[in-house]
Amino acid sequence: MNDKAEGVVAEEQALRLAEYGLAGDHAGARRSRRGFRFLVTAFVFFTFTMWFSENHMRFDRTESQYRMALTLPPDSARAILRNVVKRDAERNETPAARYVEALASVEEADLVLPRYEEAYRLNPNNPFLIINYGCRLFLNGQYREARERFREAGVQPPKNALPRYLEAAALAAGAPEGDLTEVIALIARTNSTGDPVIFPQPLWHPSLPRRGAWYARQRREIIDLCCAPIYRLRSQVVAQARRQIEGGQTGDWDSWLEKIQVMGERFVGTAVADPANLGVPQAIAGAQMQLD
């Protein structure tokens with residue numbers, strides 16, 4: 001290699017090793033690596049500290065476990081919420097209804113209604129808790145009790161057409177075969193109010209984000225729960241209408257089916273409605289009513 005080439009190589013090495021010198025400062029390199037590792041470790045430790053503080057030090061133990069259970073599958077959340085409810089009852093003369101309601105939503109089948117009844121006694125003025133409780137009663141075949149709960153929810157703010165439609169479903173389920181006059185009258189009165197159809201929101205902690213798959217899944221489950229009585233009402237009315245119309249007994253069915261169609265339109269919602277009241281499951285239920 002000639003002197004010129006050697007000079008170019010030496011110059012390039014000088015540029016690459018300017019920080020440590022031409023011979024290479026191995027001790028300096030080790031110090032830099034150690035410093036970098038320390039910086040990364042400190043960043044990871046800081047992140048863990050912030051996470052731990054947010055999840056375990058910001059709230060007391062009961063509230064932290066309640067918050068954690070809301071984002072767990074039912075089987076995992078059940079045991080945690082049982083401890084939360086027990087601890088809260090031991091510490092407070094009046095336990096928090098939201099803890100009991102959260103447990104009721106994930107309880108085993110034979111304990112769901114007792115838990116909801118307990119939550120209802122603790123907070124009898126929460127219309128959305130009452131709606132959930134009424135739907136559970138309906139699915140258990142207790143139509144009279146479900147109707148009473150829906151009626152209570154319907155007279156409490158905010159203005160909401162859903163509990164009155166659910167009351168009509170409970171009335172139809174417990175009515176004598178073929179007698180739907182009172183049911184259709186209740187639907188017609190509800191249609192005329194112009195009140196929005198508002199579904200209960202999932203139990204959620206203020207510190208948790210509402211945008212995500214877990215919150216959306218819980219919201220769909222609640223809407224499916226509330227739509228179950230409506231689906232049964234729709235099937236009952238349409239089946240009876242089909243039998244009587246095919247038998248030549250048209251009666252008032254033209255007017256009655258129009259009331260069901262308007263109810264379906266209310267479930268679908270409008271473009272100017274509150275986005276919280278809109279959603280695919282209830283829109284499907286409303287469209288099915290209109291299609292029938």
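Colleague: Is Y99 buried or exposed?

Modeller: Buried means under 20% relative accessible area and exposed over 50%, with partly exposed in between (1.4 Å probe, protein chains only). Y99 has a relative accessible area of 5%, so Y99 is buried. Please note that this is a predicted model, in which local features need pLDDT of at least 70 and side-chain atom pairs pLDDT 80 or more, while totals for chains, interfaces and linings use all residues. Residues are numbered from 1 along each chain as its sequence is written, and side-chain values use heavy atoms, without hydrogens and water.

Colleague: How is a pair of aromatic rings described?

Modeller: By the distance of the centres and the angle of the planes. Rings of Phe, Tyr and Trp (its six-membered ring) pair if their centres lie within 6.5 Å; planes under 30 degrees apart count as stacked, over 60 as edge-to-face and the rest as tilted. The count here comes to eight aromatic pairs. For Y66 and Y99, the centres are 4.9 Å apart and the planes stand at 55°, so this pair is tilted. The two residues, 33 apart, link distant parts of the chain: Y66 lies in helix α3 (residues 61-69) and Y99 in helix α5. Helices are DSSP runs (H or I, at least four residues), numbered from the N terminus. Y66 is also buried, at 2% relative accessibility.

Colleague: Which charged end sits over the ring of Y66?

Modeller: The criterion places NZ of Lys or CZ of Arg within 6 Å of the ring centre and within 35 degrees of the ring normal. The charged end of R98 sits over Y66, 5.5 Å from the ring centre.
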